[in-house]
Amino acid sequence: MIGMLGKLVDKLLAGPKANYRGVMGVYYYVDDATEAVKTLREQGHQGLSVFSPVPHHDIEHALGQKSSLVRWVTFTGGLLGITGGFSLCIYAGLSYPMVTGGKELISIPPFVIIGYESMILLAGISNLIGMLALARLPQTQSRAPYDPRFTEDKIGIWVPCSGDEARKVEQLMRGNGAEEVKVHG
Amino acid sequence: MTDSVVFKRRDFLKLVGLGAVGAAGCAPPADKLIPYLVPPQDILPGIGYWYASTCRECPVGCGILVKSRDGRAIKIEGNPAHPVNRGGLCARGHAGLQGLYDPDRVTGPMMKTAGAWKPVSWDEALQTATAKLTEARSAGKSVALVTENATGSFHKLSAAWAAAAGGTHLVYEPFNTHALREANRRTFGVGAVPNYDFARANMVISFGADFLETWGNPVGQARGFSEMRARPESYFVTVEPRLSNTGANADEWVAAKPGGEMALALGMAHVILSEGLGGGNGGMIDAVRDWTPEAVELQTEVPAATVRRLAQKFANAKPGLAVAGGIASQSEHAVAMIAAVNLLNHVAGNVGETVRFDRTLDFDSVASLGDLQTLAGQMADGSVGALVVHGANPVYAAPAWTGFAAAMDKVPFKISLSGVLDETTEHCDLILPSLHALESLGDAATARGVFSIIQPTMQPLPMFKTKAAGDTLIALARGAGFGSFPSTWSEYLKGEWRGMHGRFGGGKDFGGFWDQTLAQGGVWEDVTGTSPGWSGTPVFAAPELRGSGDLALVLYPSPNLFDGRGANKGWLQEIPDPTTKAVWGSWAEIHPDTAKKLGIAMGDAIKVETESGSVSVPAFVWAGVRPDVVAVPLGQGHTSYGRFAKDRGVNAVALLAPVQDAASGAVAYFGERAKVSKTAAAGELVRTQRERSQHDREIAAVIPVSALLGLNTGRGATEGPHATGEHGAGAPGAHGGAAAGEHAGGHHVMAGSLMLHPLQSKPGKYTEPRIKDPNAKVPPHSVSAAEQPVIVRSPRQIPVDRGNYGTATHRWAMAIDLNSCTGCTACVAACYAENNIPIVGPEHIKRGREMSWIRIERFEENLKPGPNDVRFVPMMCQHCSDAPCETVCPVYATYHNPEGLNAQVYNRCVGTRYCSNNCPYKVRAFNFFDYSAPEKPSFAFPEPLNWQLNPDVTVRSKGVMEKCTMCIQRILEGKGTAKDEGRAVRDGDITTACAQSCPTQAIVFGDLIDPESNVSKLSHGERRYWVLNELNTKPGVTYLKKIQREVAST
Amino acid sequence: MKLKRFLAPAFVLIMLAIGTAAFTQSFPVMLGMNKGPKQPINFSHRLHAGTLKMDCLYCHYAAEKSPSANIPTATTCMGCHKAAATDRPEIVKLTKMYNEGTPPEWVEVYHLPDHVKFNHKRHVKAGVKCQDCHGPVQEMDVMYQYSSLKMGWCLKCHRENVNHPQNPASMDCLVCHH
Amino acid sequence: MSSDEAKKLSHAATADAGPVITQKSLNDDVLRMISKPGRLWWIIFIIDLMILAVGLIAERNQILYGIGVAGHTRPVMWASYVANFVFWVGIAHCGTLVSAILFLFRSHFRRAVYRVAEAMTVFGVLTAGLFPLLHTGRPWFAYWLFPYPNQRQLWPNFRSPLEWDVFAVTTYLTVSSIFFLVGIIPDAAVARDRTNNRWLKLIYTVFSMGWTGSNNQWKNFYGAYLYFAALATPLVLSVHSVVSWDFAMSQVPGWHSTIFAPYFVAGAIFSGVAMVINLLIPIRKAFKLEHIVTVDHIEKLSKLVLLTSSIVGYSYLCEFFSAWYGPSKVERDLFWWRATGHFAWAFWIMFTCNVIIPLSLWFKPVRRNMGLLFVLCLSFNVGMYFERFVIIVTSLAHPFNPSTWDVNYRMSWTEGAILAGSFAWFFMFFLIFVRLLPAFSIAEIKETLTAPMRRKPS
């Protein structure tokens, strides 16, 4: 029983079989990796992706990354939150008029707190959603042949390409200190 | 929690005579509904009907109206038309219902076999009884009949019965007014309990007569008393060693040496005569020659100057009124003391004025203790063959040395007609349970010219197999073949009333007359009293304290339990004693100094010892007793009588030595010396109010007479109330000496104690008072008399006028006159009855978990002899317009309704209890346990107590907050009636349970929008103020300050 | 592929929406509940109120006088049935009960929730028709609970009539909950 | 010793210094914690569950018989349960503070400690959230406090501070858990890649959501993380302010005070940080991580404790001053009674533990003595519990109307059991956490290591 379940789990973890086309170079030194990225981009390779245990700023520069778009999602979420919070209070107050403590049905000061908290709540949630969407998470299958070492101390550079172009790239990588280069497809 | 769970529908069907129908435990929606088989004419389900009757909870016999709903009696109220009580009713009266629904009532006839009670059938029981009676009579022995003071036809029946049976009929009342009647007989030649006209008196001086609690006709007297108090110039002096609740209402407390009352009365008489203030009576001076004020000072420790002052004031009162003869002061010279007071009344010319012998209370047939002892003697020497007891409980109430209890065992056969297993019944061999007064037909002639009807307000409870006492007696007589009585009690009664028909019939045929009598609760005529002259001066002797010990023992009747007959009623046990605020037990009151000497602290277990006996009770330490006095209440300490009464507290009668009043033979409750010492264990002292000072807070306010009269002349008529408001906020700077003077008493103290350090901030100094827009239209719900012209706060927001808030036309409110409130707690009992309030017992009251919606707060500003300042504040939900409790409820379980009520919606409440925290008055009660679930140990309405529950009020379940609703069910009913009659609600249509039952009418309920309503007028009168007004909650309850009289220093 | 990504969340959301609605909203009519309990006597409202056009208040006379509408007493029934249709089995049953003095144990059809007080008199006086709450009684052979008797259902009518000229309905909680 | 460890953890350290902590060793060190639990762990865990069981029994009684089994009285309608609530919310605060605020301030000592702190936050809120429910008279209706469309057409009262609580606490729970779980993603990936047990692998795969560490993922991860921090910071402050307004918004003498919000926040951070220290010291010892969580880190935290304790002490004095200076006699009476009356003992325990004892932290040796620091922090938490007790119970026991005075609250065994149970509940989560998830942020600590360079950085 448990065994069967275990097999199932293994299947699940293995994920769907995928065939990649491209070159994966594994580096240890950051500056080597940076160099490689630079040259590859100079040679006009698109869609590079770099795998690393920690983000490295110079690699990001080399890739010419723009800053994340998450903040806009967050902002809209916050906006929704605060308007939603206030309108909820006001609607509730008017839909069934009940006086408490001789106060007006729409007493703004207490509603500020509700509005504020709901703003934070929705901003937080949308921030999460935004991040997951933009980072393509959760994902069942990596977009490049993944290697456990990438979460330890190795840096992987993936260049989607094929045929002799792939061979060129392989040469290049071996040239500037890749510890291991593998051509897929 | 449905009401139908607490009170099963099938029970009430048993009630309307349908017998049990297998509807047991059918949960909704499959409840069985069984219609009346034959509908009683125009009796509809769901509507309450009122039946006039007479209260039998004490010998007085007030007129009552009993509300019967779906066939069960659920509420008692005073009968406004009745001359004895004029609409008021005391706590004991309300609790009559709990006697009717007493879960410990005897279920049917029972025979004692081998010391154990065993149920028997009525036939069998009656056969045995008759057999025994015949046996006794054939053996040439007498048959004794002991009853309570039933008066009226039942008295006639019992007398005739006893006569026919060849025995004695003894009417036993522990608090027989024998000494009083004897004294009146000797001095006025009329042996009756006179009608004291408190209303007319300008000065009342009470020599130990607790006329607001148990002495005479408390409810009626309270009404008169309040009318007198309403007059600023009236004056009330109490002379007693222990400040009773009656005394607490006095302007001046003369704490004469225990037993000194007589000397003081004579001294006053001496002054009046010697100074010729009384006019006439010159000859009487000889009687009081030796009682010069100086002599009196020696005997009573009352300064001669005071004696003179009081005498002069009393003589000039014209008329004054001196009363005497309470149980607490009943010594072996009781008659002498009362005679002295009679003399005082006589020389001051009050007899015939305020002391009248017109509507005298009927105690004429009540036996003296001597008679009881005679009977006990006969019983002891075996000349009594059979004893029949009904209503009376001498075994408990009479001192052991009367030998009655012991003698009972000598009687071969004893029959009890009592419905409960009281001590006397325990001594009997056979119980033939009688109906409760509320189930039975009868009458009572408790006062001269008053013939009031006792009418069955419901079918006899099905679970108790009972018979009318009259029928039982008749059955016994017929069975044993003596006397000649009509076949049934009701015929006997009707026969009696045929006589009345001639007098009161007014041309109607008997049927019509009878119906009318039932409808109005009896018939009464005006009677004129002979105003008797002075027939003879007895020898005056002051009581000598007996026995060892350095404290004088004062035994006083408990205002709630009376002579002990209230002890098995949960309400009376749970409603706090007006003086000590203690519940569910006994205690002994001692003075702080004495306590310090003996190393006794509040609540310590102490032993009170006389030569005749000793009791162990918790100590109640307060300055309301003289340092040389220890006071113990009567009424507790039952060894039987039911679950609430049994083994609770002590029966202090055990402390009495075999001493009787020389003249009347009455028990000398006063005159013992007692030793007090610490001891190991005694019952716990459980109190609902511990702190007895209001700490200068704006709760119980007074207004000096001078200020009151000053106010009448214009100035400050508006400022008065606000001045106190600022007082509360602690603003001595805000107004100068004038204001301080204007609010003497507590407020004097307040001003003094609130002196701020020069560095401390002054209120209002940096805040700009805003003037409110005068012509802003305020919707009813936010109206309050407490609306102030200036507010030191952000501008008020516009009150809501959406939904019903704009269209409402009432603002329900109350005005409570602290000047009339005597602290008697009748309103509390009324509230328990009306609103299904559960009792929780001492264990929870210790944690302040009592559920009462209204409580009487007692604040003692000054407890020293001399100027007396004790204040009572009936405290219930104030229904604030700006209520602090409402805003904090997260689910709108409490909110403000369009008619200004502070609503509490039980089934919306989740029980966060925030509202109670935020209520400055602390008037919200929380259901800490399930008091309404029969399966829970905390169930508060054991069958058949649940029959009393008011179907119009939800029985609250566990975990919800509850509080005063201003009897919303009554409001809705009143509005409905008005609507049906196509008219607006009139002032007085609607009243709350508390207001209705108040003997002094201190509570007034009404509509604040209607400017003509009584409540509006009072709420804008000059004595108005609001509790904790500085919080600006704008209460719907306005209080009227107590009038504080000046008291001369000597 | 892309679509699949959104299928699961969409499904969950829809389920939630349905759940909330089912949990929170009350329907004027109890769905699928319109068949009443078996009564000791097969009394037909269709016959009496429908065919014979008897006034409701003839039997339920307390409805306009008292907070609680009465179930007619056996006496009321016998008022007519001493003479009318005495041979029918149900009437025989009734007569038997009446003579024996054992009232028929009708089974409750309309059960009001706890903690709420309903006043028939006020509603009848305000001109609310019996049918408004009890449904087309004159067409019911077996009486069944027509309305949900939920608070929302009460409020629907009360909201509409808050500002009714003669008989304004109250939105005040205390009127029903006390 | 510690000083040069500090160097290794700073960017200033150079490659040739021969790093003691390599990226590899770091993985191993941290992952060692989540290897098979030892006997000791099991013993503690079992005991913990037993205590929890007792708490549950007590709660069952309370639901069955009514809230009366607790020691509440009139007027003391709130007592230990609300105190527990405030206490746990307070505990919960330090986590997000350390994590978010220090993240914004870019103070690096945070990286070694924030994961534990955040876990504490989440579990703290989980615990605190129980009390508003189980202190009500009818917990089964507590859901009425949430605004949802219902057939009754009723809504909650948004003017009630308790309603604000509902919003504040739920928001705080949601946001802090998101913050916590997002932070775990990369580390879960590390664990996933190291473990051989398929079940654990499954769990970590779920937690890591298939994280690969691609540049795109890192970009958006940090993009979002910044905003989480930016949102969490004001949230922390607002939530405890709202909690304090449960009291300050009422007019009960002793509660009705404007100082409450800052006063409570300071108190919360005070107790929270003390709690973090209490948790870190045993952990770093048990798992031999002294070189990752260094004495410097702990000392920095204890300085934070010192700061907040002085703020708390200031608030105490302030309250008394304003009571004395202000015009309200009622207020003056209360504070006098609080310090001298029936509950004076509680007041003085509070004052000693929160104001006097912390003064010892002015001395460096005390701050750097782990054993002593542990004991001190325990006493701070005791003190802070008593602060809540004193504020709630003494204020309620001495209200406006003297006729209800002297009905003194006494804690019942039920309340004791439930309090103990709440600790058990908290530690149950925490024990599972340290065994299941990386208790230290591998990724972030890696960032502090010197990045491997072939050439010397110019």
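This is a predicted model: local features need pLDDT of at least 70, side-chain atom pairs count only at pLDDT 80 or more; totals for chains, interfaces and linings use all residues.

Me: How many residues meet where chain B is in contact with chain A?
Reply: Chain B brings 17 residues, and chain A brings 10. Together the two chains bury about 1,300 Å². Carbon and sulfur atoms hold 64% of that area.

Me: How many residue pairs are in polar contact across the interface of chain B and chain A?
Reply: The rule finds three, with both residues at pLDDT 80 or more.

Me: Which element gives the largest share of the side of chain B that touches chain A?
Reply: Strand S36(B), with three residues. Helix H29 (884–888) and strand S36 (894–896) of chain B each supply at least two residues of that side. By type, the side has six nonpolar, seven polar and four charged residues.

Me: Where are cis peptide bonds found here?
Reply: One joins Lys318(B) and Pro319(B), with omega about -5°. Pro319(B) sits in the loop between helix H12 (304–317) and strand S13 (320–324) of chain B. Another joins Arg74(D) and Pro75(D), with omega about 10°. Pro75(D) is in the loop between helices H3 (39–65) and H4 (80–104) of chain D.

Me: Is Asp647(B), with its positive phi, buried or exposed?
Reply: Asp647(B) has phi near 55°. It counts as exposed because its relative accessible area is 56%, over the 50% cut-off. Its loop runs between strands S26 (629–634) and S27 (673–678) of chain B.

How values were computed:
Residues are numbered from 1 along each chain as its sequence is written. Chains are lettered from A and ligands numbered from 1 in the order in which they are written. Side-chain values use heavy atoms; hydrogens and water are left out. Contact means heavy atoms within 4.5 Å. Buried area is the accessible area (1.4 Å probe) that two parts lose on being put together, summed over both. A polar contact is a pair of N or O atoms within 3.5 Å; within protein, one must be able to donate a hydrogen and the other to accept it, and residues adjacent in sequence count only if both atoms are side-chain atoms. Helices (H or I, at least four residues) and strands (E, at least two) are DSSP runs, numbered from the N terminus. Ala, Val, Leu, Ile, Met, Phe, Trp, Tyr, Cys and Pro count as nonpolar, Asp, Glu, Lys and Arg as charged, and the others, Gly among them, as polar. Buried means under 20% relative accessible area, exposed over 50%, partly exposed in between (1.4 Å probe, protein chains only).
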